[in-house]
Each structure stands twice: as structure tokens, then as C-alpha cells.
Amino acid sequence: MTDHAIYMQEALGLAAQALFLSNPNPRVGCVLVGRSGAVIGRGFTQQAGGPHAEVMALRDAAAQGHSTQGATAYVTLEPCAHHGRTGPCCEALIAAGVAQVVGALTDPNPQVAGQGFARLQAAGVAVEVGPGAAASRALNIGFFSRMERGRPWVRLKAATSLDGATALGNGASQWITSPAARADGHHWRARACAVLTGIGTILADDPQLNVRAVATPRQPQVVVVDSQLRIPLDAKVLRAGSACIIYTSVLNIQKTKQLQALGATVIHLPSAQGQVDLAAMLADLGQRSINELHVEAGAILNGALLAQGLVDELLLYLAPTLLGQGCKGMAALGPLQDLGQALPWQFHEVTPIGPDLRVLARQPTSAVGSAAGPTTG
């Protein structure tokens, strides 16, 4: 393994520490290597509005009394070049006297998009791009989706038996999968910007949809598809301390005011069929800086998202059980008339989680590299 690969691997490990932290900003890590070849500073992106990875690494080097003159910075994404809530990281590296920057990827954000590397080169800093590119893109799968497609990366989660049942005919579903699988599911919730569900799930289960099984510095937003605005005012998602976004297809001024008084955002987005326009909803969520959208919904909403080709990834937990006839499935699709109408998916990753299996499958048309996720085993 080359020195570039070794240091970039360490920078990627730092970036992974921002997995639950940096949304909606990308997860970025930085390693500073001095002229002697020793690491002199490390950092990763903090919460939105806080320092980026490069600044954290420069601060770390300063705190240890190291000079950054002539150093090499290994960064998992192009240093930013614009003034936002923080200053441009490329300027901070230039001011620190860094001689070389090795970056994994060009930032897809139009406000950066090569300008950071260009400024570095104009200041006489040597730039190399490419090491660690696939791993960095995978770690920021939602950020790239939002920047390149204008919508979040949509990950649909379901826990099922081997024969695809998510609940018995009487609705009993707790618990099909093991505690280990449920805890692993909370890791995926925690990395998402928002959790999406439908009104059917709210009325049937009144879930909290927050992260409880793992430590996290932030909670994902809750998004509810509620065409007729039937959500109860005492629903747990409205008092979970997370700003709830509700998409509806009806205009109900009184109910909207009541929900707004509880801190919810109500968005009227009807389709021609009188339901919520799901594609427009994803575009709106992209405008709201949602990178990864984690779906935990019932068969109707799951089926609608899948039928419209709006799901990028399936996150399935399969329990080693058979529940037989009369059970509820994960998605209301079909009935199909022939096998050629089946929706194609590709297995991406299969991982044992306790006694269960975690299966990641992707649409063949979803363009992203490998995205290995968190595990509990």
C-alpha cells in the first residue's frame, strides 16, 4: 500500500466519525502529514455551522505545537472554496503553508465544484485527486445524490420473515427480527437526515421514529405522507422534539394551524390523482438539505415509492422464520401478469446481524459506489 493510500485510509476513518454528526454537510476527514512523514494533525467535520475537517486538523496540529509549513493534507473531499457559516477551507490550508493536498474527490456542490482545488493550485499548492474516491463517495451517498440529482438517496427499510411477511394478518409484528437487527436499524436511522413514514403507520402504531438504540448527537427529522391530513394532534412524532414535516394533498386551514402550533411544517403537494406527489416531495426534501431519506412505512406507501422508481436502496432484515399465509407484505405491488413485469434489483451486500441477515439491494440505475454501513456484530 502506498503512502497516499495509507494516509487517505486514515482520513476516511476520521470521516466515518462524522457519520451521525455532520448532516447536511458531507462527512469529511483530514490528515496532515509533516515533512518528516509523521502525522501532525487529524480532524473531521463537525455539526453544521461548526469547523470542517481541514480546520479541525489544523487546530489539532497547532495544539500539539507542530508546524504545518510544507505539510501534505489528505482530505476525503475537495476543500470548500465559498463563504458559508464557515470560511473557505482551501484558504485556511494556503494560509497554513501546506505544500500539497491529496483529495479523494471533487466536491459536487456547485459552490465548490473544482474551485477549491483551483485556488490551491493558483497559490502554488500541489494537488492530486483520486485516492479513496469510491469509499468517500459511498460515505456521502446522500450528499452526492442531492447535489447531482436534486433529491435525497432513498433507502427503504423493512424487517421480514423469509417468506416476506412484515406482520401477521392481525397486525402483530413485534418482533419478527432480533434485538441485534433492531439496534442495527437504529444506526441507519441515525445516519439519515430524515425518516419517512405514512399516515397508516402513524395511525396503526404511533411510532416515535427517533434514534434510541445508539448514541447520536442529533436526531433525524420526521417526514409524514398524510394525503387527507388525518394525523392525530397527540401523535408521538409531533412531540418527539424533532421538527416534523407533513406532506398532504388537501387544504385544511384549521388543522394546518393546529399542527403548526405544535412545530410541524405542513406542505400542500397534491398529485393529479389526489394523493401526495411523491416525486415532487423528494425534490422539496432536496431543497431542504435532506441527503439520506430513511423510509420506515407500511405496504401502501412502500408500494407507491417502489412503483414510481423512487427507491434507491432496500435495507432488508430477514429473520429465519416462515409465517405462512394471510400475512402482510412489505409493499403493495401488482398483481403482475407475468414475470417480465417484476421490478429488478441487484444484491449489493449481505451481512449476518445476530441470527438475522441484513440485505442491501439497489436499483440497477442508481449511480453510486459501495456504501458499507454500520454493523453491531
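Q: Is Cys80 buried or exposed?
A: In this predicted model, a residue counts as buried when its relative accessible area is under 20%. The relative accessible area of Cys80 is 7%. Cys80 is therefore buried.

Q: How many disulfides does a search of the whole structure find?
A: A disulfide is a covalent bond between the sulfur atoms of two cysteines. Here the two sulfur atoms must lie within 2.5 Å. The cysteine sulfur closest to that of Cys80 is in Cys89, at 3.6 Å, which is too far for a bond. Over the whole structure, the number of disulfides found is zero.

Q: Which cysteine has the sulfur nearest to that of Cys244, and how far away is it?
A: Cys244 is buried, with 2% relative accessibility. Cys244 takes part in no disulfide. The nearest cysteine sulfur belongs to Cys193, at a distance of 16 Å.

Q: Why is strand β1 said to be largely enclosed by the rest of the structure?
A: Strand β1 covers residues 29–33. Strand β1 is largely enclosed because the buried residues number five of five.

Q: Which residue of β3 is the bridge partner of Cys30?
A: Strand β1 is joined to strand β3 (residues 72–75) by four bridges, and the two run antiparallel. Within this pairing, the partner of Cys30 is Val75.

Q: What is the phi of Gly37, in the turn between β1 and β2?
A: Strand β2 (residues 39–44) runs antiparallel to β1, and five bridges join them. Val33 stands opposite Val39 in β2. The two strands form a hairpin with five residues between them, and Gly37 in the turn has a positive phi of about 95°.

Q: Which strands are at the edges of the open sheet of nine strands?
A: The order of this sheet is β11-β10-β9-β8-β12-β6-β13-β16-β15, with mixed pairing. From one strand to the next, the twist averages 20°. An edge strand pairs on one side only, and the edge strands are β11 (265–268) and β15 (346–353).

Q: Which residue of β9 is the bridge partner of Ala194?
A: Strands β8 (residues 194–198) and β9 (residues 221–225) run parallel and are joined by five bridges. The partner of Ala194 in β9 is Gln221.

Q: How much accessible area does the nonpolar patch of Phe347, Val350 and Leu357 have together?
A: Leu357 belongs to strand β16 (residues 356–362). Leu357 is partly exposed, at 34% relative accessibility. Together with Phe347 and Val350, Leu357 forms a nonpolar surface patch with an accessible area of about 320 Å².

Definitions and conventions. Residues numbered from 1 in each chain as written. Predicted model: local features only at pLDDT ≥ 70, side-chain atom pairs only at ≥ 80, totals over all residues. Heavy atoms only, no water. Buried < 20%, exposed > 50% of the residue type's maximum accessible area, 1.4 Å probe, protein only. Patch = residues over 30% accessible without salt bridge, like charges linked within 9 Å, V, L, I, M, F, W, Y side chains within 5 Å. Areas by Shrake-Rupley, 256 points an atom, 1.4 Å probe, with all protein chains shown as cover. Salt bridge = Lys/Arg side-chain N within 4 Å of Asp/Glu carboxyl O. Pairing = 2+ DSSP bridges. Axes fitted to C-alpha atoms, helices over the stretch in contact; angles between N-to-C directions.
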